[in-house]
Amino acid sequence: MVTDVLTASVPAAGRKTRSELSQQRLRAARWFLVPMLVALSVVAGWPLARSIYFSFTDASLNDLYGAEFIGFGNYLRWTVLDSGVVRYRGTLADPAWWNAVWNTMRFAVLSVSIEAVLGMLVALVLNAEFRGRGIVRAAILIPWAIPTIVSAKMWAWMLNDQFGILNDLGMRLGLLSQKVAWTASADTAMTAVLIVDIWKTTPFMALLILAGLQMIPKDIYEAADIDGVHPVKQFFKITLPLVRPALMVAIIFRILDALRIFDLIYVLTPNSAATKTMSVISRENLFDFDNFAYGSAQSTLLFLIIAILTILYIWLGKVRFDGGDR
Amino acid sequence: MGATFDLWKFTKTALFYLAVIAIVVIAVFPFYYAILTSFKTGTDLFRINYWPESFSLANYTAVFSQGSFPRNLLNSVFVASVTVIMALFLAVTAAFALSRVRFKGRGFLLMVILAVSMFPQIAVLAGLFEVIRALGIYNTPWALIFSYTIFTLPFTVWVLTTFMRDLPIEIEEAAIVDGATPWVIITRVFMPLMWPALVTTGLLAFIGAWNEFLFALTFTSSNDTRTVPVAIALLSGGSQYEIPWGIIMAASVIVTVPLVFLVLIFQRKIVSGLTAGGVKG
């Protein structure tokens, strides 16, 4: 896809100056990379290491430095009572944590799979030639451009139980028999979150898939048309296999994004056990309940899950990191 | 090939345009409804209508006169702008090294950068909180500028590296023959060619910083230092049951309109910038 780019060597120059030149370039490259590496280690590497360290201590919000090392206590510890009953404590024995894990997984799987299907449909529409295509493309960028907090508030108002337009619309169309407290009721809170997330991120999915669709040469379809292949069969036999790399990348990006969801849930359904995700429960413990070390353990577990998935993605997806030498 | 064929074709076209209309309406309606609501006050707010029926600017004057919303807006502009400038400055030179110079460990470095961009923000929250406290920048805009580097820098480096990699070698060769140093090559040869890429990545990083919520919520604690997303999330009325929906919608419209305009103006560039990192991988 990308043409090979010559990097250090310059054929025009002579042999001796060439090595001098590449030495100079290497030195310059080193100096160019230092500021970025320092910045990344200060804002990412070190804080990550400290967060993991805190998860093995009894640190509290007001006493970060007086903390003592307590091993895996925040993750799992047990005491044997006199009666012989073993009592487990720690995140891994905490039903609230497993509820959050379940919510996060459910949210990630449902939102990403629905977004992939809808994104594919929108991308297929946008890939067709028709008048007003530019308007549609502009329109679908609007949900993407709106800040998550703003969309959460906008939808919270539209989903309002008494004055929300969606209840009104649903009752007018006969889809709802009574007004629903979308965000407040435990049965519908997750649905509300899913609706808003799908509305907001399907455009991103659609644009990534569209970029993949546009790389498929048109003459394949012409040949298929001449052979009389049905359009549905064309989609499954030609489009889907050829767009799969782009689709997979989009899906994996979205899964990683969905697993760390925080803001939408924090604002749309505050304090609802039905939607509380790993990020939400972890921040709650860190800063609201003063369980700093406990929250750190939870954030470390989320990090581990995402790290494993990222490694799987890089490994399975065979992402090339060799710069210009493709 | 009689009437039945035409009918089938007609149904197909009709269904297609129905899908097009559905996409546009679903995408735009919530924003339209927010604008509609922002012009309603008093009891009008609680009368559901689909078309504008009353018009009042009271919510907008309230947003700008009560509370610290103007200040929050300034905070957001400042934080997002400085974040973008710093990220671009660090990223341009790094991207040159990563895309045009062959050295050991380059592949590994790119992998680390991609990995950092996939970090869950919550994983560094505790450690960042400690660093920000230690630096004495807690509850200042600098805490946000500092922490936003974690997602703007990897992203800008990644996109600019893919862009620079595709620039032809010939222009660089000519500069090298003329005895230009790498710094001169970046500033004089590449920068003029890179304006489109810089604008795109800068804009995407700006949107990311403008919309960020978790760090802003955690690292600021007073009304005067908050950015707009946090201010909107925390806007509340006299009691839990009196949510000022009109004012919230007015504030939402104010922060969203500039973004929507920017996105519509730069839509082609944004689409190519969004897909640069993803599809080529």
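Which pattern does chain A follow when read along the sequence? Chain A follows α-β-β-α-α-α-α-α-α-α-α-α-α, and its secondary structure comes to 11 helices and 2 strands. Helices (H or I, at least four residues) and strands (E, at least two) are DSSP runs, numbered from the N terminus.

This is a predicted model, in which local features need pLDDT of at least 70 and side-chain atom pairs count only at pLDDT 80 or more, while totals for chains, interfaces and linings use all residues. Residues are numbered from 1 along each chain as its sequence is written, and chains are lettered from A and ligands numbered from 1 in the order in which they are written.

## Chain A

The radius of gyration of chain A is 26 Å, well over the 20 Å that the globule rule gives for 326 residues, so chain A is more spread out than a compact globule. This radius is taken over C-alpha atoms, and the rule is 2.2 Å times the number of residues to the power 0.38. Along the principal axes, the C-alpha trace of chain A spans about 80 × 75 × 35 Å.

Of the 326 residues of chain A, 40% count as buried. A residue is buried if 20 or more other C-beta atoms lie within 10 Å of its own, exposed if 12 or fewer, and partly exposed in between, with C-beta atoms placed from the backbone. In helix α4 (residues 148–158) of chain A, 11 of the 11 residues are buried, so this helix is largely enclosed by the rest of the structure. Among them are A:K153, A:W155 and A:W157.

Two residues are in contact if their C-beta atoms, placed from the backbone, lie within 7 Å. In chain A, residues 24 or more positions apart account for 64% of the contacts with a separation of 6 or more.

The strands β1 (residues 77–80) and β2 (residues 86–89) of chain A run antiparallel and are joined by 4 bridges. Two strands pair if DSSP finds at least two bridges between them. The bridge partner of A:V80 in β2(A) is A:V86. The hairpin has 5 residues between the strands, and A:G84 in this hairpin takes a positive phi near 95 degrees.

A:S41 lies in helix α1 (residues 15–54) of chain A and is partly exposed, with 14 other C-beta atoms within 10 Å. A:S41 and A:S282 are 241 residues apart in sequence and 23 Å apart in space, C-alpha to C-alpha.

## Positive phi in loops

Most residues other than glycine have a negative phi.

A:D290 is exposed, with 12 other C-beta atoms within 10 Å, whereas B:N139 counts as partly exposed, with 16 C-beta neighbours inside 10 Å.

## Chain B and the interface

In the contact between the chains, 86 residues of chain B meet 90 residues of chain A. On the chain B side, helix α1 (residues 3–38) of chain B supplies the largest share, 11 residues. By class, this side has 61 nonpolar, 17 polar and 8 charged residues. Ala, Val, Leu, Ile, Met, Phe, Trp, Tyr, Cys and Pro count as nonpolar, Asp, Glu, Lys and Arg as charged, and the others, Gly among them, as polar.

Chain B is assigned domain 1 (3–59) and domain 2 (68–236 + 250–279); such bounds come from an automatic or database domain assignment. The C-alpha centres of these two domains of chain B lie 35 Å apart. Their contact takes 5 residues from domain 1 of chain B and 4 residues from domain 2 of chain B. On the domain 1 side, α1(B) gives the most, with 4 residues.

B:P52 is found in the loop between α1 and α2 (58–65) of chain B and counts as exposed, with 11 C-beta neighbours inside 10 Å. Not counting residues up to four places away in sequence, B:P52 touches B:L36 and B:F39.

## The nonpolar core

A nonpolar core is a set of buried Ala, Val, Leu, Ile, Met, Phe, Trp, Tyr and Cys residues joined through C-beta atoms within 7 Å. The largest has 165 residues, of which A:I209, A:L268, B:A91 and B:A94 touch the most other members. Each of domain 1 and domain 2 of chain B contributes at least three residues to this core. Leaving aside neighbours within four places in sequence, B:A91 is in contact with A:M36, B:L153, B:T156, B:V157 and B:L160.
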